[in-house]
Amino acid sequence: MPGLTAPFPDDVPVHPLPVIDYELLRQGDRQEAYKLWTAGTEQGFWYLGNHGVDEEVNGMFDMGAETLDLPLEEKMRFEQGDSGDSFGYKAKGTIQTDANGTRDNVEFLNIAQDDAQSWPKSTHRTYPSTVTARMSSTIIPFVQKSMEVNMTMLAVFERQLGLPRGELLRLHSQEGPCGGEARCVKTPPNQSTAGIGAHTDFGTLTFLHNRLGGLQVLPPGSQRWLYIKPLPGHAVCNIGDALSIFSGGILRSALHRVMPPPGAQSRFERYSVAFFTRPRNSVVLRHLGQKSDMIARTIAKAPESEFDTGTTSAEWVARRIRKLRLKNRQGPETWYASLGTEHIARRTGSSGA
Ligand SMILES: O=C(O)CCC(=O)C(=O)O
Ligand SMILES: [Fe+2]
């Protein structure tokens, strides 16, 4: 049951994140916008309160539990496979969590933003009956509200980066398919290894909902993994690789991972719910220095090509997933090939490391 829990212990190291008020952001509050900018440029992670998506998030936790509790044979009919597809079901033990090829222990379900938007027509794929039964009541409202939240935050970053109005938003317009998706993750109780290995998110912005601990962040420039304590009624938001690259590294895509929940919480099954905004598939991941002086000045100091991947958003996501799948592993180099901006996240610390 996803409802069962124990308190988050008070003797583990936690990362104190800034709390941003979504309603203030939406109203155009300049101070709140500046707080968000500081969070994005320093840590790449923050709490978001007053987002108004609580009811839909609760529905997603229930839908995730219903779906991930289906018999394995049923879920396997929707497995994402080894060719780099993201949407569908990801079975436990199919991806590596480190360079040694250690197996993961989480399963998750990814529902394409495009499939929710085009429902009842399918854009990318079909889903289990527990998903389709809740498409109209839960998933579509969750996806729509999450998109709105992420686009509101993106508009703040666009302005602060000195980009022309709409420049960043249009890379996420709905004129073509995109990799945006909703995710429900399930981790079994009593684990001792990483559920999801250290990674940076592939896309633009992540809107995440945790009830139990387990999420850990390696703050930029730090060597110490810290838990993020779930804050009731608040989402955890973070910047992904695509936005970090568009901004020439000004916005941070921080390394994070999912570990067993701390203390007494480790005895419980852990569920989490996320929404990932990703650029349109055809968008090339490259800095926007030609559109912003601030980005151009920053890029002038960075090694050439670091923020020009020569890769479309779709290729970027597919490569990383493909290289994570254990079936495709040919040694530690396959793990390294799965990485995105992790090397930049580690190097450009706010503490000067
Ligand atoms: O489950 C969580 O708290 C985080 C999951 C995550 O980092 C991801 O799915 O990318
Ligand atoms: Fe993540």
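User: Which strands each supply at least two residues of the shell around ligand 1?

Analyst: In this predicted model, strand 5 (181-187), strand 7 (205-210), strand 11 (255-258) and strand 12 (270-277) each do so. The residues around ligand 1 include R183, D201, N210, H256 and S272, and a residue belongs to such a list because its C-beta atom, placed from the backbone, lies within 6 Å of the molecule. By class, six residues of this shell are nonpolar, three are polar and two are charged.

User: What makes strand 6 (196-199) and strand 9 (226-227) edge strands?

Analyst: The open sheet has four strands in the order 6-11-8-9, with antiparallel pairing, and strand 6 and strand 9 each pair on one side only. Pairing requires at least two bridges between two strands; strand 8 (residues 215-218) and strand 11 have four bridges, in the antiparallel sense, so they count as paired.

User: Why is helix 2 called roughly perpendicular to helix 7?

Analyst: Helix 2 (residues 30-42) and helix 7 (residues 135-160) pack at an angle of about 85°, their axes being 10 Å apart. Angles of 65 to 115 degrees count as roughly perpendicular, and therefore helix 2 is described as roughly perpendicular to helix 7. A33, L36, W37 and G40 of helix 2 make the contact with M153, V156, F157 and Q160 of helix 7; by class, this contact has six nonpolar, two polar and no charged residues.

Conventions
Residues numbered from 1 in each chain as written. Chains lettered and ligands numbered in written order. Predicted model: local features only at pLDDT ≥ 70, side-chain atom pairs only at ≥ 80, totals over all residues. Nonpolar A, V, L, I, M, F, W, Y, C, P; charged D, E, K, R; others polar. Axes fitted to C-alpha atoms, helices over the stretch in contact; angles between N-to-C directions. Parallel < 35°, antiparallel > 145°, perpendicular 65-115°, else oblique. Contact = placed C-beta atoms within 7 Å.
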